[in-house]
Amino acid sequence: MHSAQPLKAVFTGAQPIPSGVWISGAATLGVDRAAVLLRQDDAPDRLVVMDRRSPEVTPLLEGACDGWVCVFDAETDRLVIEMNRRIFVFDASSLAPVGELSPAPRRAMGELALGGRVLITGSDAAWTLWDLRTLSVIARDDQRLVRHWWVGPGATDPVILLRSVVQDGRWRTWTERADTGETLREAVVEVSEPCETTAALLPGGETWLGAVTEGQGSTWGPSAVRWFTAQGPQTLLTLESVRGAPSVLRLIVLTSEHVYIQGGGRHHLLHLPTATLSPCPQDHLLSPSGMMLSGDGVAFDPWSGGVAELRRPDAQPPSGMAISPDGATALVSTADSLEWWAITR
């Protein structure tokens, strides 16, 4: 890690929102535009596109937003949005409708995957991985077994899935090809039930990280983080529980050597080769670049330790809304506007 250096954050524009309307969610559409969910008492939800260069607002959908699917994929130029229990796909440049991802689960959530794919999950614990070029299903299964996935770009296709299940005191994790179901590599660790586990594949799909925390309710033991390689699982570190919650709830891979740990009040950047942790004070929105945006509009760069407050002088306190995949564009909202900020490391 480098010594802490301040981030440079520059306000680049804003668009007003009407009185009595608030922004419930947003996603960046490149540098200048944003898909925005507007809400108002006793009125339907509205998904619109705003442009920092123009006061024009382009309506997309209106109705009831059951979950939160608002995903932009720059590789395929696709925008994926949920409304009225349907998931729509638009061409992000023209905003013309392309098709639907059907059926849509209840309380759907969307997450961008590499290689022009999007993962849709729902409250029924099922998930579907879609190809945004063809709008076809790549893989579909039960979320309770498939904890995380890794999608190889281009020549490293097909998709590799990481599966995880605890049964009879054994935690089994294994990777498999999504197209054939062939098991590629597996590992077994003895655990005491009840317990919670999480796992994440590293780039290349050959090794992965996993964490298990024994306990339940408000009584939890330490979380053991293991690195699963061809030589077998090795314990990297153990983290004590925090305020009655597991210290490892989710592992998010940023690079082949860096993994973000979300936990009960603790959030760290793990450097795998040295098994060392660096604190990450922000925990709201995380871009694939590693840039973070807090709920109160503060950007944090874990690579340098740099921090920038996205608030204009004498302006109202902002709320962090969205961070672009490259970490260079952030959206914050105030009571009367949506603001664009450019961030430079």
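**View 1. Arg 250 stands opposite Gln 262 in β23.** The model is predicted, with local features requiring pLDDT of at least 70, side-chain atom pairs counting only at pLDDT 80 or more, and totals for chains, interfaces and linings using all residues. Residues are numbered from 1 along each chain as its sequence is written, and side-chain values use heavy atoms, with hydrogens and water left out. β22 and strand β23 (residues 258–262) run antiparallel and are joined by four bridges. Two strands count as paired if DSSP finds at least two bridges between them. Strands (E, at least two residues) are DSSP runs, numbered from the N terminus.

**View 2. The open sheet β22-β23-β24-β25 has four strands with antiparallel pairing.** The edges are held by β22 (250–253) and β25 (276–279); each has a single partner strand, so one side of each is left without a neighbour in the sheet. On average, neighbouring strands of this sheet are turned by 30 degrees against each other, direction ignored. For such angles, axes are lines fitted to C-alpha atoms, and the values run from 0 to 180 degrees between N-to-C directions.

**View 3. Four strands in the order β6-β7-β8-β9 make up an open sheet, paired antiparallel.** β6 (70–73) and β9 (97–100) are the edge strands, each with a single partner strand, so one side of each lacks a neighbour in the sheet.

**View 4. Val 89 stands opposite Gly 99 in β9.** Three bridges link strand β8 (residues 86–91) to β9, and the two pair in the antiparallel sense.
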